[in-house]
Structures are given as C-alpha cells and as structure tokens.
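Here are some short notes to read alongside the structure.

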Amino acid sequence: QGYWFKLFSKRCISFWGKADISMAISVEAPCPGAPHICICGAGVAGLTLAGILSKRLDSRARITVFERAPADYDQGYGLDLDCHGQEALARAGVYHRYWDISRERSDCFKVMPLKGSEPLAIFFRPRLLQNMWPSWWGARPESNRGKLREVLLEAMAERANVEIHFESPAHELREVCHDGRTAVEILDKSDCVLGQYDLVIDAMGLHSTLRHHIVNDKEGKHYTGSVALHGVINDPEAVFPQELLDRFSGFGSYVVMGKGYGMTMQRFGGGVGDNRTSLFYTVPNRPDGEASLFEEIGIEKPSSRKSGIISDAESLGKVKSWIKRDMADHFDPLYHQLVDCLDRITIRGEYSHGDSTLREGVNLNLVCIGDSLRNCGLGGGGILAMQDAIEMAKLLEADGAFDASGQPDMEPLRAAQHVMLQRKAEHMEQKDSFMAKVIKTRDGKDPSLHLKDVFPNRLARVPLRIFLSVVTGLFKRWYRWDQFRGQVGSTSSSPVYPNVKMLL
C-alpha cells in the first residue's frame, strides 16, 4: 500500500502543475551535509544504481530519480543476469526476490539451422561444472525486465532517502554556484527547474539529452539500417504445434540462424507458470527505415511507443503475413506456424550511437553510465549497464567520495567512465565481428549457413570441422545425460556466483 500510495502521489505531482511542484522541490541550494544525488533515467541502469545507493548509503545521501516515461511504461522482455547483474541485486538488497522474477531451467540455449530438426549446437550449464567452478558456471536463468523493475521500486518505496518522479523528463542542465559550492540544476523541456544537486548521473540511455556534455560523438544517435520486429507469444505451451513445442521445450533461448535471415525465441516470463516468450525477427539492409516497412505492410505508422504495440487482429494479421512472405521458403514451414502464434508485435528501426570518446576539461558534476555513454543495443547492453551501476556505487560508497559540504570527488568517477566506455567499445567490436556481419547480410544467394562462409580456407576447415563436431557432439550427449537425470538448467538450489554468495 505504501509503495502504490507513494507512486500515485509522485505521478500526481508530475501531472498537476509540474512547474509549481518542481520549484518547490528545487529552488533552494542543496543543504550542507548529506549530498543530494540525481539519477536521470529509471531504466535498468538508473534503477539499479538508485537501488544500491539507497540501500548502502542510507542516511548518508539523498537520491532523486527523474524518468520521462509513465510508471506503467513497457520495459521490454528479458535479460539473463550474469555475475555482475546478480551482484547488483544483492547490493540493492533484493536478491531474495531473484527467483521470483526468473524462470527456472531457462539457462539453456539451442541453435538451429533455417531448415532441419538437428541442432547446430546446444549450450547449457552442466551441474558438474556448476559445482566445480561456480564463478564460471553459476546459475544464469532468463529474468523478466518488468518484474526486475517492480522489485527495485518496491524495495525503494520503503526507504526514506530516495524519491522517484515519473513523467518528469530531465532535458538539460546548467551549473550554479552557492557560496563557493558547485551544484547542477536540472531543467525540463520548458526550462523549469526540477532540482539542484551535488551530483548528476545520466542513465537515460540511447535517447539521453545530457550525454553531449560528457561525450564526443560526431555521428550521434543514428539509424543502423536494420528494422527489428519484436513479438510476444503469451503461452507457447498452449498454442505451439507439438513438433515445434518438442524442439523448444526445455530451452530458455532458441535461435534459428542463416545468412541474412534468422529469428530468436527467448523466455522472459518470471516465476512459476509465466510462459511468456519473445520472438525477435530482424530485417537487415533496410536503408529506408521502418516508415516504408509500415507502408509496405499496409498499416499506419504508430505515433508513440505505446501505440506501437500491435495487437488488434487486423493489423497483427497483416504483420504476420508480411513476415511469412519475407521468410519465404528459406525457413522450415514449422517456423511459419510459429509466426501465426504471435499475440502482439512491435516494429522499430534499430538506432545506435556513433564511435564515442570522453570530452576533456569537463568541470560539471555529471557522469554517464549504461547506454548513455554508448548504446550497446540488444544482446548485453543491460548487463553492462548493471556492471556500470555497481562500479559507480562502489566509488560513491567509499570514504572521501564526498567532502563535508557534500561535494563529490569527481576524479575517480571520471576515471571509471573511461573504463566503462572502453568496455562498451570492446563489446561493440565483438557485435560487429565478421561472423556477425555474415549473419546480418542478405546477398541473394543460398541463405543457409555453412562453415565455408566463415572460414574460406579449405585446409583450415578440415581440422576445425573435426574439432567442432567433437565439441558439439560432446555437449549434446552431456545435455541428454543431465536431462535424463533431471539436472538440465539451473534452479533456486543451483550454485550461486561466489561474488554474490559473499554479499549474501
């Protein structure tokens, strides 16, 4: 009740006369003593950091979060929390809810060709290796982003040192001085003051309006040339054809892979009985963007993210028909039936940041984390954002992080930004590897993926083919053995990452 009352109150503050209330919470200079920290953005990075700081700093700091979206904003699908993501939950004091938001036995991954029933590879976490080396093989199931957000919000609703304002976009900032002390003033789109803070942390991600103060990025936010179709099947167990269910059952992720064609299914329901599954279908080499795709499909382009969730029968039927035409006969007919099972879908162009470097000579008490530094997109961005949140929180928890008047020591924070940005650059290099380019390119030829497409040298392919055959064969047999023993996939009783166990 306390959580919903607090949430309702803050939403009303944003709705009723935002300018007046904003002035009420922000006009005077920050009080001496406990530093006032502002986090812009309530996505994975922002809420994780707010959760950790509100737990670990307690009365030593005041934390305010501004989020442009409403409280019921659609958070997307799932993510598999690695050792850093799970450590973040432990530091935020919510790890005991981890298996409430995760699907047991979902850390198994199957890779399939466009046609055929024999998998190219199976990846899972053998129980033997989990017990021997938990730091490498700890439980890593699929978790639900929306439920992760709810867990963090519920925990923070009980803490007196944090407040969260939805529908309150931080648009710009400016530096102000009071009696020799430096503060940062946050402004909304109307230049109304939202608050004055000792430290501002930008966690607004791809659409950040503050990162230009910190980052050099000549290209900026730009369209990458691909359009992503993200769909949801509410309950595969109820609607899948039996053959498809037999292939998918027991796996958290299921990838169908070819050259320029492919799709990914991923469980994202959290907790027992939540079977929700996402379907990702990417259309590469689409230079004219999603607007022309909507026109080609025959439906009007949505005007907002919320209206972009296509679920009415007529529009959804048109999208399904288009996907199946695009798939043509490159895919097993079974996957055409999979498309028919979709309950909703969104169509969005894929956008990203350009190559980014940190500006020199920045004096603002501002730092960026997560995708605000550089957008990493699907496939690892959320995990890196949570790692950023941990590292930033550790620095702010340390002795000497703030002086007696609440002023932050910016030098270690800026040094951490360099590490975070370098980590993202390395991640993007891996995503743009030769193999990734092969998978994303449609050349008009046979779309089936062959070893020669990745390794043109025939002599090199011979030993590699033998090696891959041995390794994949071993894991397939190991998987069947663990499956026979009922030990495939992690559960709440599986070994925990040592860094998480230490905190617990």
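1. A disulfide is a pair of cysteine sulfur atoms within 2.5 Å. This is a predicted model, and a search of the whole structure finds 0 disulfides.

2. Take C40 next. C40 is in no disulfide. The nearest cysteine sulfur belongs to C38 and lies 3.8 Å away, while the cut-off is 2.5 Å. C40 is buried, with a relative accessible area of 0%.

3. How far is the sulfur of C368 from the closest cysteine sulfur? The distance is 9.6 Å, to C40, and that is too far for a bond. C368 is buried, and its relative accessible area is 0%.

4. Now the serine. S143 sits in strand β6, which covers residues 142-144. S143 counts as buried because its relative accessibility is 1%, and buried means under 20%. Its side chain makes a polar contact with the side chain of S102, at 2.7 Å. Leaving aside neighbours within four places in sequence, S143 also touches other residues, among them Y77, L81, Y98 and F268.

5. Last, the helix pair. Helix α10 spans residues 289-297 and helix α11 spans residues 313-327. Their axes come within 9 Å and cross at roughly 105°. Angles from 65 to 115 degrees count as roughly perpendicular, so α10 and α11 are roughly perpendicular to each other. On the α10 side, L293, E296 and I297 make the contact.

Conventions
Residues numbered from 1 in each chain as written. Predicted model: local features only at pLDDT ≥ 70, side-chain atom pairs only at ≥ 80, totals over all residues. Heavy atoms only, no water. Axes fitted to C-alpha atoms, helices over the stretch in contact; angles between N-to-C directions. Helix = DSSP H or I, 4+ residues; strand = E, 2+ residues; numbered from the N terminus. Parallel < 35°, antiparallel > 145°, perpendicular 65-115°, else oblique. Contact = heavy atoms within 4.5 Å. Buried < 20%, exposed > 50% of the residue type's maximum accessible area, 1.4 Å probe, protein only. Polar contact = N/O pair within 3.5 Å; in protein donor to acceptor, adjacent residues only side chain to side chain.
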